[in-house]
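Have the model open as you read.

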Amino acid sequence: MKNSALAELVAWLETQLPRLIDDVYAAVCERIDLYRDEKIVPRDDLHRSIAINLRFMMRVLADPDTPPDLAVPNETGIRRAHQGAPLPEVLQVYRIGWAMLWDLLVGHAREHAESSVDALVDAASLLWQVTDDHALKVTEAYRATSRELFAAQQRRRSALAEALFTGDRVFDAGPWEAGKLLGLSLDGQLAVVAAETRGLAEESLNGIERRLAELGIVSAWQLTPTLQAGVVSLRDEQRETLMSVIRDVASARTGVSPLYRSLVDTPRALHLARTALAGLRPGKPDVAAFSSSPLAAFIANDPDEGRRLAENVFSAVLDLPPEEREVLLDTLHGYFASGGSADAAARTLHCHANTVRYRLRRIRELTGRSLTDPGELAELVSAAQALRLNPERGTSRSTADLSHETQERPQRP
């Protein structure tokens with residue numbers, strides 16, 4: 001009796017199906033903003049999907065003993081993930097369709113109470129069981145596809161970032177095209193961040209792209225066995241925000257390039273960021289920004305020549321006992337950072353101005369170079385800059401920590 005009543009109910013429902021499909025489609029378009037236009041899900045696709053899923057439910061009611069074919073919700077979940085439709089809105093369509101189907105059955109049962117109550121009870125049991133399985137399958141397919149799409153997108157962004165770092169053309173596309181695909185600004189400021197990995201291909205700037213995106217800063221990253229590097233697009237006023245985020249998340253040595261404007265200069269900026277990284281003490285998580293001084297960039301372009309320059313000028317200083325060497329180099333760096341003022345350097349170094357002058361005379365004696373002769377002063381400044389960029393010979397804080405004390409001058413446009 002029950003099977004017969006359920007069969008009659010299904011037969012009646014089949015006559016109502018075309019109208020039910022249209023009603024559900026209209027309700028979805030009215031209640032869910034996503035489906036009011038065709039930017040994400042085309043109207044025909046939505047109507048077809050509603051029809052397929054309602055007919056799926058009809059087949060379950062018509063033949064309860066046959067296991068349902070869950071290929072239908074699986075295909076829907078995959079398609080919606082590819083279209084970029086949010087999962088909550090996708091599931092809401094199902095809830096609306098199932099609710100309207102149930103309301104239709106209840107209304108019919110009220111009009112034909114004697115013959116339809118038992119059939120309605122049987123239908124309810126089937127519907128709630130199948131709808132749970134259906135929603136679960138849609139969700140699983142959607143999430144699995146979303147993970148695959150995200151991984152593919154990250155691999156593509158990493159490949160495009162690598163093209164920027166190397167300067168290579170990919171399929172006749174240059175840096176401008178790669179930057180556009182990555183969403184980087186083509187008329188703003190750029191910076192490169194380079195961080196050593198904590199282990200083999202282990203990120204040391206965890207969640208950096210997401211953290212920056214939350215602040216409206218676009219970036220693209222690449223992970224190699226030893227380096228995590230990113231190109232960051234930002235406005236002038238966001239420089240300090242970038243540095244603050246990097247300092248907050250960095251778990252290994254990290255260098256930041258000066259700001260630059262042309263994507264063509266990204267390989268050079270990566271070199272400067274890596275140079276800043278190398279100037280930090282190994283084994284200690286720290287962040288250093290490469291100076292915007294053109295002289296620093298010039299010396300960094302040929303580190304071997306810079307190293308020879310530093311050793312040539314400061315050989316006698318570098319051969320001193322570590323404590324004395326550090327004091328003299330710190331004083332010289334402080335003097336240059338203070339604009340050549342002994343008084344200002346004394347305040348920075350927390351000593352008397354006469355002490356600064358004494359140490360400067362000592363440097364002149366050891367190097368044979370005067371701070372008043374333009375040519376000799378240029379050699380001292382260049383050699384001091386080379387020491388900051390090549391810290392292994394002068395094993396002191398003067399080479400690494402001064403990247404923090406001598407903050408870079410404003411970047412020239």
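## Around Leu 46

Keep in mind that this is a predicted model.

Leu 46 belongs to the largest nonpolar core, a set of 47 residues. Along with Val 24, Val 28, Tyr 35 and Ile 50, Leu 46 touches the most other members. Five helices each put in at least two residues: α1 (2-31), α2 (43-62), α3 (71-83), α4 (87-111) and α5 (113-166).

There's also a second, separate core, this one with 23 residues. Among them are Tyr 335, Ala 345, Val 356 and Ala 386. As a bit of background, nonpolar side chains in soluble globular proteins tend to be buried together.

## How α13 meets α14

Helix α13 (residues 342-349) packs against helix α14 (residues 353-367) with the axes 8 Å apart and an angle of about 105 degrees. An angle of 65 to 115 degrees counts as roughly perpendicular, so that's the label for α13 and α14.

On the α13 side you'll find Ala 342, Asp 343, Ala 345, Ala 346 and Leu 349, which meet Ala 353, Val 356 and Arg 357 of α14. By type, this contact has 6 nonpolar residues, 2 charged and no polar ones.

## Cysteines

The disulfide count is 0. Cys 29 has 14% relative accessibility, so it counts as buried. Cys 351, at 24%, counts as partly exposed; the cut-off for buried is under 20%.

Methods:
Residues are numbered from 1 along each chain as its sequence is written. This is a predicted model: local features need pLDDT of at least 70, side-chain atom pairs count only at pLDDT 80 or more; totals for chains, interfaces and linings use all residues. Side-chain values use heavy atoms; hydrogens and water are left out. A nonpolar core is a set of buried Ala, Val, Leu, Ile, Met, Phe, Trp, Tyr and Cys residues joined through side-chain atoms within 4.5 Å. Buried means under 20% relative accessible area, exposed over 50%, partly exposed in between (1.4 Å probe, protein chains only). Helices (H or I, at least four residues) and strands (E, at least two) are DSSP runs, numbered from the N terminus. Axes are lines fitted to C-alpha atoms, for helices over the stretch in contact, and angles run from 0 to 180 degrees between N-to-C directions. Angles under 35 degrees count as roughly parallel, over 145 as roughly antiparallel, 65 to 115 as roughly perpendicular and the rest as oblique. Contact means heavy atoms within 4.5 Å. Ala, Val, Leu, Ile, Met, Phe, Trp, Tyr, Cys and Pro count as nonpolar, Asp, Glu, Lys and Arg as charged, and the others, Gly among them, as polar. A disulfide is a pair of cysteine sulfur atoms within 2.5 Å.
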